[in-house]
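I set out to record, entry by entry, what I looked up in this structure. The notes follow in the order in which I made them.

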Amino acid sequence: MNVTRRGFIQSMGAVAGAGSVGFSLPNIALAASKAEAAATKAAFQSRTTVKSTCVHCVNFCGIEAQMEGGVIRAIYPDKARADYYNWGICPKGASGVFNTYNPYRLKKPMKRSNPAKGLHEDPRWVEISWDEAFQTIADKLAKIKADNPSKMVWHHGHGKYTIGDQYPKAFCAAFGTPNVVHRTTTCESSRHVADELTWGYHGHLPDLEYTQLYLSFGSNPFEGEQWSRWLDHAIMDGKERGMKMIVIEPRFSHAAAKADEWIPVRPGKNAALILALCKQLIDAGTIDVNFLTTYTNATQLVGEDGLILKGADGRPVVWDTAGGFTAKAYDDPAAVPALTGTFQIDGKPYRTAFQVLIDSMKDVTPEYAEEVSGIPAARIKSLAKEIADAARIGSTMVIDGQAIRYRPVVAYTFRGLSAKEFGVQSSRAALILNMLIGSMDAVGGLHLHDVMKNPAYLEASKCEYPPKRADLSKSVYYPHSHHDVCQQVQYTVNDPKAFGLGYQPEMQMFFATNRPMSTSDALKQLDGMKKTFNVVIDIVNTETCQFADIVLPDLTYLEAWHLSPTRWTPNRKHVAIRQPLTNAYNIPHDAQTILWELAKRLGLRDKYVDELNSKWGLKEHKFQKGRDYTAREMVEVLWAEKAHKPFQYALDHGFSGKKVDTKARYLSGLEAKVKGAGKPRIKLYADQLVESYNTVEKTVKANNISNIDLAGYKIAYAPLPLKEHAFPTPHREADGFPLYLITHKRMYRNQAGNTAQNPILNALGADTQDNFIAVNTKTANELGIRDGDTVIVESRVGTAKGKAKLTEGIRPDTIAVSYHYGHWSLGFPDSAKKGTWINQAMELHPDRISGMNSFNDTKVKLYRA
C-alpha cells in the first residue's frame, strides 16, 4: 500500500515536470527517437534539487523542487519529510509551478481609474510604479493614523501562512489599529472555540497509531482539510492493521468511500445523534467514571441558576460521599465526590454537573434521534455498544515502561460539526462523547494539543460594548469569538452605528484573502467594500481586487522566503523554511517587504521591530532597531531562534524535526495540567457560557440593543449541548424549501482559488474544471431532473445555477455543492469562471459563540433552469 500511494503522488510530480519542459505525455511514452531520449536524460541529469515547503493550502507539505537553468521543472514530495508529516503531495502541490508561471498573474502595481465600484464595474486599471503605490498607501495611512488608527482594517486569509500573521499583527500594533481580521470563521473556528471552552486551548488529533475504532463526523482529509497529508496515510495505515473507520455525514465523500461503514446523517442533526449515543453509554453504565471524576468538572455542583457552586475561597464545590456526606472543595484529596445526584446545601438544591447532563438528555432516546437525524434507532443502539466495547474502559498500555490509559476509540471532526449555526455546541457534543469513554489523551484516543495553554478561555467573556473592533470580536455580539469574525466586517462598515461601533472605517487592506467569494450570503459583502479605500495584495486579480483602489502583486510561495508554518502530529514536530526557487516576473516585493516599506514611510520602523520581536516571541535572536532587513535576513533571524541550527542546514534540508517522546505525547497534557490538587478541570459543563449569557442579557437591556435576539442567545449559550442545537434557523423557518444544502471542499482548489487558472489541473479533465450539484437519483427523478441538466438552487437569500449530478451517494433530502468555483472577477480568464458559486445562495446565521459561518444549514428548492 505504501508503494502504491507514493507511486501515485510521485507520478503527479512527473506530470508537472513533463508539462513544464514542453513534452506531451504521449511523446514521453513513445520516446520518438534515441536522440530525444538522450537529450531528455541529459536534461534530467543536469537538474538540481531545492528543498522547501508547499503553502498552497494549510498542510505545509515538504517538497523537493527539480531546477534546471533557474527554471522549476518538477515538484515532488520531500522524502525526508515523510517521517514527520507528508508522504506525498496533492495535485495542487505537484502542479504549483503553473501558478508561479501563470501568465494571468498580477505583475505590476495598479490603481483604479473608475471611481464606481460594483459587481460588474470595470475598475479600469492603470499600471503605476511601486514608489507611487507605496506613497499613495502611506499617505492614506498617515492621514488615518493622525485621526483614528482604528479606521484602518487589515484582513488576511491564506496570507497568514504565506508570511505568518505575526507580521501584519506587528504592523497593525505599531500603527495602532485593533482591526486585524483572519478568515477562521470561514474555516473551523467553532471547533477551536469548543476546544478552548473545554480544555483551555485548541487543536486535537486522533492518536491513529493505536486507534481501533475511528468515528469521523464530517472530517474529510482525502479531499481537503488541515492535516490532510498526515491523516490520509495515518488512516490507511490504521485500516491496514485492522482499525475500523465509520464515516458519519450526509454525503458519500472520499472519506466515506474508504470507510468500513457510511452512516448518512441528516444535515445539521449531529447534536441529536451524538447526544443519543451519549445517553446510551450512560444508561448502560459503560462510561469511564474515573476519567470523569479525576479530569473533568462532572462532579462539581450546579445551582438552579446554572452556575457552579463555589466556596468562600472561590474554589468549585463537590459532594463528598466519604467524609460525612457534605460539600467540599473539588480538589480535596480526602473527598470521594459524587458523580450523580441532587443535594441540599443551605436549603437550596444542587445537582452534579453530570446529573445536569443526564437530565438534559432524558428525551434524547434512540427513537427520537432517529426521527431527527434519519439514522435508525437500532443502529444508534448498536453503535453505542460498539463504542463501549472497543473503548476497553479501565485498561492501560505500557509504552517505554510507562503504563498509560488505553482507550482506542476516537470521535473526530473538523468542519462537519463546526460549520453550523450551533457549531460550538455540536463540536462540544463530540468532545463529551470522548470524555464519557475517557479517550482524551489516552493511547489510541483523542490527542489534545497544549492543554491549558490559555486558561483564560475557561472564564466568562467580558462581552464588550461598545465594541472596539469592526468584526465585533469578543463583544456582546460574539462573546467568545477568539478567532475574529471575518464575514462581519462588511456589515459593520456598511452601518457601524447599528452595532455601536464608535467610528466609520475608511480603509481596508486585504492580503491573500477573497472574502466576496468565500462567505455565506456573499453578495452582501460587497456593500461595505464600496464605502472604503481598499488595498489588495495578491497574486491574481480576484473578486476582492475588483473593489480595490490599489492592487499590489505578491510573490508566490515558490518565489519567497518564509519561516514556514508546519503541522504537528501526536508523535512528531518540526520547524521548516520556504526558500525562493525563481522569480518568474521579477516582482521586487512580497507582503513581508511591503509591510516593512510602509512601516518605514510612516516612521514606524523601530516600533514595528519591537512588535515583531513580541509577536514572534523572540528572546535569544531578535530583530534590531535602526536597520533594514531583507526577506532572507528576516527568515535567518527566525530560524536561529526556532531551530537552533545553522541556516545552511535549513537551505540544505528545508526543515528540522524531532520525535515526541512518550512522556511528552501522553503525560504532558491532562496528566500534568489537570490531574491533581490546585489544577483546573476540563469542562464537561461549560459554566462560563452561563455567565457570558447573563452579561449579554444585562448589556442588551442596559443599552437597548435591538439586533440581539436574547432567546436565541440563551439557547446558544447553554452550558451543555442540547437537542435544540440540532435545529438551526433555516431548519425551523424555511418553509417551502424541502432540501438541505451542504457544502464541501475539493482537493483541486481547496484554500487556493488561484488554482482556477492552473492549466495542468484543468487539463486533468472536466471534473477538475467544473463543479456540480449532487442530488440523489430518486429525488432527481421525482423533480424531473436528468443527469447533466442545468438546474437552479434557490434559497431564501439567493439563487445559484449549475449542472445536476445524479448519485446514490447522498441522502434523498440533501444536495451538495463544492466551494471554489464560479469565479466572476473581470480579471479572471473565462476558463477560470466555470462552475457554481454556491455562496450567493447560502444563508448566514453565524454561531453566536464563535462567529463561525453557517455553511451547512441552508434549506433550498431545486428545479430545472
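I counted two strands as paired if DSSP finds at least two bridges between them. Helices (H or I, at least four residues) and strands (E, at least two) are DSSP runs, numbered from the N terminus.

I noted that this is a predicted model, in which local features need pLDDT of at least 70 and side-chain atom pairs count only at pLDDT 80 or more, while totals for chains, interfaces and linings use all residues. Residues are numbered from 1 along each chain as its sequence is written, and side-chain values use heavy atoms, with hydrogens and water left out.

**Entry 1: the sheet with β9 and β10**

I looked up the pairing of β9 (residues 213-217) with β10 (residues 244-248) and found four bridges in the parallel sense. Y214 has M245 in β10 as its bridge partner. I then traced an open sheet of four strands in the order β11-β10-β9-β19, with parallel pairing. Its edge strands, β11 (261-263) and β19 (409-413), each pair on one side only.

**Entry 2: strand β27**

I asked how many residues of β27 (residues 739-744) are buried. Six of its six residues are buried, that is, under 20% relative accessible area, with exposed over 50% and partly exposed in between (1.4 Å probe, protein chains only). L739, L741 and T743 lie on one side and Y740, I742 and H744 on the other, and both faces are covered. In a regular strand the side chains alternate between the two faces of the sheet.

I next looked up the partners of β27. Five bridges join β27 to β31 (residues 814-818) in parallel, and I742 is partnered there by A816. With β32 (residues 859-864), β27 pairs in the antiparallel sense over two bridges; Y740 stands opposite K859.

**Entry 3: helix α23**

I found Y608, V609, L612 and N613 buried in α23 (residues 605-615). They are on the same side of α23 because they cover an arc of only 140 degrees around the axis, taken from the directions from the helix axis to the C-beta atoms. The buried residues of α23 pack against α8 (166-175) and α22 (591-601). Just after α23, G617 takes a positive phi of about 65 degrees.

**Entry 4: helices α15 and α16**

I recorded that P366, E367, A369 and E370 in α15 meet A377, I380 and K381 in α16, where contact means heavy atoms within 4.5 Å.
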